[in-house]
Amino acid sequence: MTTSTNTIPNRQLQSPKLLRNGKTHIESINPYQNALQQLDLAAKHLELDPGIHEILKHHERELTVHFPVKMDDGSTKVFTGYRVQHNVARGPSKGGVRYSANTDIDEVRALAMWMTWKCAIVNIPFGGAKGGVVCDVKSLSKGELERLTRRYTSSISIVIGPDTDIPAPDMGTNAQVMAWMMDTYSMTQGRTVPAVVTGKPVAVGGSEGRNDATGRGIVFVTREALKEFGKRLTDVTVAVQGFGNVGGVAASIFHEMGAKVVAVSDAVGGIYNPEGLDIPKLQECTNNDGTLTTHKGGKPITSRELLELDVDVLVPAATENQITDENADRIKAGIIIEGANGPTTPSADRILQEKGIFLVPDVLANAGGVLVSYFEWVQDLQFFFWQEEEVNSKMEALLVHAYREVRQMAKREEVDMRLAAYLIGVKRVAEASLMRGIYP
Ligand code: NAD
């Protein structure tokens, strides 16, 4: 096990860009550096004690594992995985597990830090963590995926547990992966421990409503944001980047609730129809191994083009660094609701703000998922399960409350919604750290 050091890594820099004034500029797209910049901004505004600021910059525990998996062809492959716990001042750490060929320790660090703020902003008793395995999920058979998941779980079992650190799904993982994780951990304990992960199938202790929770929360938050402009969901056009658990579900619920979803995209490409897309048909098509781009209901577009469409609401729900200082200038949407974690870089944030675009940040906008994960954990600990309506309405109440708190803070401090959310989240974590004091 390694502990985090003071070094801020320097991977993934965009190639230098020629600015209009003739100077070159390099923007960091290292998500960890971006997460640190966001924290620094909040710390400065809060006049945070330098010692506490230093604590919050660092991750409490980082585990890197290299583990073998038997592949279907008889060969053995060694995979690399991570579990990073950022801060547990407010409770056990919580955060998803990402399976992606592009993941690395810095991405996992950023995602873990964002989880700490997110849990504090919606005021649930969790700290932040995240996990990842470097792998191309699409190239693995179901058997390989199961063996990889079980061995990864076994390798990180020394740092997870129902009252220590509770994983959940993220990009590339789903309810089935969570069932395997729960089963593997339970085998090491000699008893069934449903509360060790959330986002499980309902049949093994999952919560009703968890699968749709992040996407549903995105729609609730959008509805609240629109109220500020005197609009309703039925008045607006929406573009959604990413068509997975977050983007796909959000697009479906937007459609159900009467918003006109005019564009969606996934990693292959997207589709645009200014008259509105038939989202249930698109879901059917992608479920049947079709792609969005080959669907007849609109014109094919790239995922980058989607971001620049003239729509009322843009929901980046795919991955980090989609809106950077390279394209922020060309964004036409009036409202951005961040479904993904870290889709906007700090430089892009400044450009969007200058353009007067109203942005609801990831740490608030996509918190419906962790809220229902919290409910799932509570239900598992009590072995007492709720109906879906109860889950959805409790999530709506907490998310809308958090939205209003952040909005009030933004107005009072005259700052954008990201900084306002951080002022609330970082302050809560700092207060908990101060009250607990420094051991010994
Ligand atoms: P997922 O694996 O279910 O889906 C990801 C989608 O994004 C897929 O449709 C994929 O094709 C697409 N995609 C990937 N790269 C893309 C690109 N460059 N351009 C366009 N589309 C691209 O993952 P998910 O669970 O939907 O997660 C998406 C984002 O939401 C991630 O940032 C994740 O951290 C965040 N998030 C997820 C949850 C959750 O509950 N699953 C909760 C909060 C935040």
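Domain bounds, as used in this tour, come from an automatic or database domain assignment. This is a predicted model, in which local features need pLDDT of at least 70 and side-chain atom pairs count only at pLDDT 80 or more, while totals for chains, interfaces and linings use all residues. Residues are numbered from 1 along each chain as its sequence is written, and side-chain values use heavy atoms, with hydrogens and water left out.

**Stop 1: the two domains**

Select residues 17-193, which form domain 1, and then residues 213-318, which form domain 2. The centres of domain 1 and domain 2, taken over C-alpha atoms, are separated by 27 Å.

**Stop 2: the ligand**

Next, examine the polar contacts. A polar contact is a pair of N or O atoms within 3.5 Å; within protein, one must be able to donate a hydrogen and the other to accept it, and residues adjacent in sequence count only if both atoms are side-chain atoms. Select R98: a polar atom of its side chain is 2.9 Å from an oxygen atom of the ligand. At A267, a polar backbone atom lies 2.9 Å from a ligand oxygen, and at G244 a polar backbone atom lies 3.3 Å from an oxygen of the ligand. The ligand taken alone exposes 840 Å², of which the protein buries 83%. Such accessible areas come from the Shrake-Rupley method with a 1.4 Å probe; for residues, only the protein chains shown count as cover.

**Stop 3: T184 in helix 5**

Helices (H or I, at least four residues) and strands (E, at least two) are DSSP runs, numbered from the N terminus. Select helix 5, residues 175-189, and find T184 within it. Is T184 buried or exposed? Buried means under 20% relative accessible area, exposed over 50%, and partly exposed in between (1.4 Å probe, protein chains only). T184 has 9% relative accessibility and therefore counts as buried. A polar atom of the T184 side chain lies 2.7 Å from the backbone oxygen of W180. Contact means heavy atoms within 4.5 Å; neighbours within four places in sequence aside, T184 is in contact with R150, T153 and S154.

**Stop 4: backbone angles**

Most residues other than glycine have a negative phi, and most peptide bonds are trans. Go to N321, in the loop between strand 12 (313-316) and strand 13 (335-337). N321 is not a glycine, and its phi is positive, near 55 degrees. With 14% relative accessibility, N321 counts as buried.

Move to E414, in the loop between helix 13 (388-413) and helix 14. E414 also is not a glycine and has a positive phi of about 55 degrees. At 72% relative accessibility, E414 counts as exposed.

Finally, select P440, in the segment after helix 14 (417-436). The peptide bond from Y439 to P440 is cis, with omega near 5 degrees.
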